[in-house]
Amino acid sequence: QAKCYAAIYGSEQKLDVISVQMTYCNLETEEIRRFVQEFSVKELKSWFDELTEQYCKWCEMQVKWKTCRQESIHACVFPFPYREGQKQLAAAVYRTIAHRKKLFIQAPTGVGKTISTVFPTVKAVGENLGEKIFYLTAKTVTRTVAEEAFSVLKGKGLRYKVLTLTAKEKICPLEEAKCNPIECPYAKGHYDRVNDAVYDLITTEENFTRERMLAQAEKYQVCPFEMSLDASLYADIIICDYNYVFDPDARLRRFFAEGGAGGYLFLIDEAHNLVERGRQMYSAELCKEDFLAVKKLVKGEAPRFAKRLEACNKILLAMKKECENYKVLDNISHFGIQLMNVLSETDRYLEECVDKEVRETVLDFYFQVRSFLNIYDGLDENYVVYTEYQENGRFVLKLFCVNPAANLQKCLDKGNSAVFFSATLLPIQYYKRLLSTEKDNYAVYIDSSFDTKKRLLMNGVDVSTRYTMRSREMYQRYATYIFRVVKAKMGNYLIFFPSYRFMEDVYQEFTQLLASDEEEMELVVQEKHMDEEERENFLRAFEMGREKSLIGFGVLGGIFSEGIDLTNEKLIGTLIIGTGLPQVCNEREILKSYFDQKGLYGFDYAYRYPGMNKVLQAAGRVIRTEDDRGVILLLDERFQREKGKEIFPKEWADCERCRLDIVEEKIRLFWEKQTDN
């Protein structure tokens, strides 16, 4: 950079030679070091001309590509006949972008949300209303849906560079991601080769998938993750996890650095997930026991560092003595000052530490402290600071972001417009309040395009998951409900429970019921810690043809209750046991208290709305296409209460009440009607 300035200045002033000085200042000690080098201006000008010539090919490539892209966008048309609601949805998205606003979309499964948001957004880029699209997801499976949408549009002539960003740990070719040139052959000399790798990629390819990036990284022997980040500068859409835009520790600084802003358009899929994810991203905690563990490691060789750690430990010890279960704190400025001293000493220690294992432990601790201080600097009325004893006995101090809207808004302000969409974004005001601070955002509710006569929705009112009602008799009643529903029609079913413990109790009663009735049914059960292969095996069971019923036992809000597609005969019924209310815990009670103090219904914000979202997601597993038929059973009397029913989607207006003694007959009649039709 300094040589560039010197080349320009030397040429303008017609100098023969010029000195270039680099000045470094140590911010802690204020020590200054200067490095001076003398160049001939002729030598500098030759170097500068070569540099700009290399840069010129990148500029020309970008200009040509943009012209090609814009022409293809203008010629591109919606790839399908518009379904009911799709045209309204696409128009709302385009209008929102044109007005530089934010839009919240509640649109049931089957409307075609992805293509209906992607297409008008691409069209907006064609009209220079934005330059780069970020398609943000909470889960890997929804990224595939976005890729497929662009594949369809490309089939209609669209030219678009699509990059799917894969996490470093998942795309690293090595068994363990060790990002240093000593242990990683891809890191050694990476910067010597990466420009050629990226230029080759972006001039010969338009789909930057995980597989394509790995192949290119192998060809040029560069880090695939770092190359992906460089290629993202030239992509027209980046499909990635929420954290690459919103997380203060993981966001892409090349796009979202402080003070910067671009013509970005944000499409936020499954946006109901962003509330909890936002809370996690903008919260931080430190554990007292970690200070003691690091102190024990370093006290022999770094007494000053150990002293700083002990100062923090003493403050945490005083907090611990005053805390019975959890305690909300008004001010922790004294701890913040001591923590800054710890961060400085940790930094100094890491520069000199040679023990590999000790260094890794201290480095992890350093990142925790740094993250905590970064969050601490942004504390405002959207936070609650508290201490608590965790179940494992550890004592933590937590900065809890109860309302992530302000932090999310700062990120959204880096772009022109944002569209939040989900099949379960109810009640819409709840999400508008927690995902954005602006008061004039748009919202649209798209009615379901599915024929409600093809599904039976019932609420069993003679069962309850309330703690006071839990007993073996109630578990037997739930088991009998499952048995009778499945007996009424052979097929594949998913049963969702409020907890693993509840599932185990009902499962035990159900297997006994099966044994006594000699009915043959296959059972698969969600385990607490399933790896990827186990998850795939669980879902694969629903793909196979069989001559007897299959019942999957799972947990509400878990990996199988949202984001999976089991169409037609792969799934014909879902039973949802309980209202999905989160378990009572310190964090939920803090949320409840916080929103009560804001004049809102704290119980709704902490429990009812998150719970109902899980119920709606689970229910959405059944009817995925216009040809699907199925049964949805809500098994808890609490669904009948006004507060529960008022956040039902419109298409649930036909929900019937039922009891155990009539459920089998009602389901038989439903399936008979489907056969007649």
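Modeller: What follows is a talk through a predicted model, from the overall fold to a few salt bridges and a surface patch.

Biologist: How many helices and strands does the protein chain have?

Modeller: The protein chain has 25 helices and 21 strands. Its radius of gyration is 29 Å, close to the 26 Å that the globule rule gives for 677 residues, so the chain is as compact as a globular protein of that length. Along the principal axes, the C-alpha atoms fill a box of roughly 100 × 70 × 50 Å.

Biologist: And what share of the residues count as buried?

Modeller: Of the 677 residues, 51% count as buried. As for what is left open, the chain exposes about 33,300 Å², with carbon and sulfur atoms supplying 48% of that area. Among contacts with a separation of 6 or more, 78% are between residues 24 or more positions apart.

Biologist: Changing topic, how many salt bridges does the structure hold?

Modeller: The structure holds 42 salt bridges. One of them joins the side chains of K101 and D440, at 2.4 Å from N to O. K101 lies in the loop between α3 and β3, while D440 lies in the loop between α18 and β14, so this pair ties together parts that are 339 residues apart in sequence.

Biologist: What does K102 pair with?

Modeller: K102 forms a salt bridge with E438, and their closest N and O atoms are 3.2 Å apart. Because K102 lies in strand β3 and E438 in the loop between α18 and β14, the pair ties together parts 336 residues apart in sequence.

Biologist: Which residue does E637 meet, and where do the two sit?

Modeller: The side chains of E637 and R466 meet in a salt bridge of 3.2 Å, N to O. E637 is in the loop between β20 and α24 and R466 in the loop between β15 and α19, so that the pair links distant parts of the chain, 171 residues apart. E637 is buried, at 19% relative accessible area, since the cut-off for buried is under 20%, and R466 is partly exposed at 31%.

Biologist: Last one, which residues make the nonpolar surface patch?

Modeller: M22, Y24 and F35 make a nonpolar patch of about 330 Å². M22 is found in strand β1 and is partly exposed, with a relative accessible area of 38%.

Definitions and conventions. Residues are numbered from 1 along each chain as its sequence is written. This is a predicted model: local features need pLDDT of at least 70, side-chain atom pairs count only at pLDDT 80 or more; totals for chains, interfaces and linings use all residues. Side-chain values use heavy atoms; hydrogens and water are left out. Patches are made of residues with over 30% relative accessible area and no salt bridge: like charges are joined within 9 Å, nonpolar side chains (Val, Leu, Ile, Met, Phe, Trp, Tyr) within 5 Å. Accessible areas come from the Shrake-Rupley method with a 1.4 Å probe; for residues, only the protein chains shown count as cover. A salt bridge is a side-chain nitrogen of Lys or Arg within 4 Å of a carboxyl oxygen of Asp or Glu. Helices (H or I, at least four residues) and strands (E, at least two) are DSSP runs, numbered from the N terminus. Buried means under 20% relative accessible area, exposed over 50%, partly exposed in between (1.4 Å probe, protein chains only). The radius of gyration is taken over C-alpha atoms; the globule rule is 2.2 Å times the number of residues to the power 0.38. Contact means heavy atoms within 4.5 Å.
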